[in-house]
Amino acid sequence: MRKYKQPPARVVNAVHALGIYPGIRKLVGITDVPVLRADGSITTTPGYDAVTGYLYNPSGSFEIPEVAGPEQVKAAKDILEELLEGFRFEKPSDRAAALAFLFTLVGRPIFDGPAPIFLFLATTPGEGKTLLVEVLSYIGLGTWP
């Protein structure tokens, strides 16, 4: 196994302060699930995606249709409904917020600036807040948190 020596902090700070790196592609992140692009297309080719700046290193195989038909949209909706079935939400807006959290994870590469913060609250411990966040994060990020 190779051992790498960390460069001195002054070198790291100087390179970081430069802010411009000719010939070096901007790396926004590394993902093992397909990434949504601003034009609505989805990364399907492993490797660096110049449009999003993500390095796509798939963790499995994903079947992504060119165009989703009404049947596929309904099937996806049914899966999400079934997924949330076991969780108790006080109001419909709480259920909508959980889905907004998931869609923010999936859609994060298509918008600049800050993303909303999400809070998961319950009146008693053991209501499933952590499990809900873990399940939604797994879908949105492709890895178990």
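# Reading a predicted fold, feature by feature

Of the 145 residues of the protein, 19% count as buried, where buried means under 20% relative accessible area, exposed over 50%, and partly exposed in between (1.4 Å probe, protein chains only).

Q: Before we start, what kind of model is this, and how are residues numbered?
A: It's a predicted model, where local features need pLDDT of at least 70, side-chain atom pairs count only at pLDDT 80 or more, and totals for chains, interfaces and linings use all residues. Residues are numbered from 1 along each chain as its sequence is written, and side-chain values use heavy atoms, with hydrogens and water left out.

Q: How many helices and strands does the protein have?
A: Helices (H or I, at least four residues) and strands (E, at least two) are DSSP runs, numbered from the N terminus. Here that gives 4 helices and 3 strands. Along the sequence they follow the pattern α-β-β-β-α-α-α.

Q: What does the radius of gyration say about the overall shape?
A: The radius is taken over C-alpha atoms, and the globule rule is 2.2 Å times the number of residues to the power 0.38. For a compact globule of 145 residues the rule lands near 15 Å, but this protein has 19 Å. Along the principal axes, the C-alpha atoms fill a box of roughly 55 × 40 × 35 Å.

Q: And how much accessible surface is there?
A: Accessible areas come from the Shrake-Rupley method with a 1.4 Å probe; for residues, only the protein chains shown count as cover. The total for the protein is about 11,300 Å², and carbon and sulfur atoms own 60% of that.

Q: What share of the contacts join residues at least 24 apart?
A: Contact means heavy atoms within 4.5 Å. Take the contacts between residues at least 6 apart in sequence: 47% of them join residues at least 24 apart.

Q: Now the sheet. What is the order of the strands?
A: Strands of a sheet pair through backbone hydrogen bonds, either parallel or antiparallel. In practice, two strands pair if DSSP finds at least two bridges between them. In this protein an open sheet of 3 strands has the order 1-3-2, with mixed pairing. Strand 1 (29-31) and strand 2 (47-49) each have a single partner strand and stand at the edges, so one side of each has no neighbour in the sheet. From one strand to the next, the twist averages 30°, with axes being lines fitted to C-alpha atoms (for helices over the stretch in contact) and angles running from 0 to 180 degrees between N-to-C directions.

Q: How many bridges join strand 1 to strand 3?
A: There are 3, and the two strands run parallel. One to look up in the viewer is the bridge from Gly29 to Tyr54 in strand 3.

Q: How do I read a helix, and which residues of helix 3 are buried?
A: An α-helix has 3.6 residues a turn, so residues three or four places apart point the same way. The expected span is 1.5 Å times one less than the number of residues. Helix 3 (residues 92-107) has 16 residues and reaches 22 Å from its first C-alpha to its last, close to the 22 Å expected. Its buried residues are Ala98, Leu99, Phe101, Leu102, Thr104 and Gly107, and they pack against helix 2 (70-84) and helix 4 (129-141).

Q: What does helix 4 pack against?
A: The buried residues of helix 4 pack against helix 2 and helix 3; they are Leu132, Val135, Leu136, Ser137 and Gly140. Just after helix 4, Gly142 takes a positive phi of about 85°.

Q: Where is Phe120, and what does it touch?
A: Phe120 is in the loop between helix 3 and helix 4, and counts as partly exposed at 23% relative accessibility. Not counting residues up to four places away in sequence, Phe120 touches Ala98, Phe101, Lys129, Leu132 and Val133.

Q: Is Pro125 buried or exposed?
A: Pro125 is exposed, with a relative accessible area of 76%. Pro125 is also found in the loop between helix 3 and helix 4.
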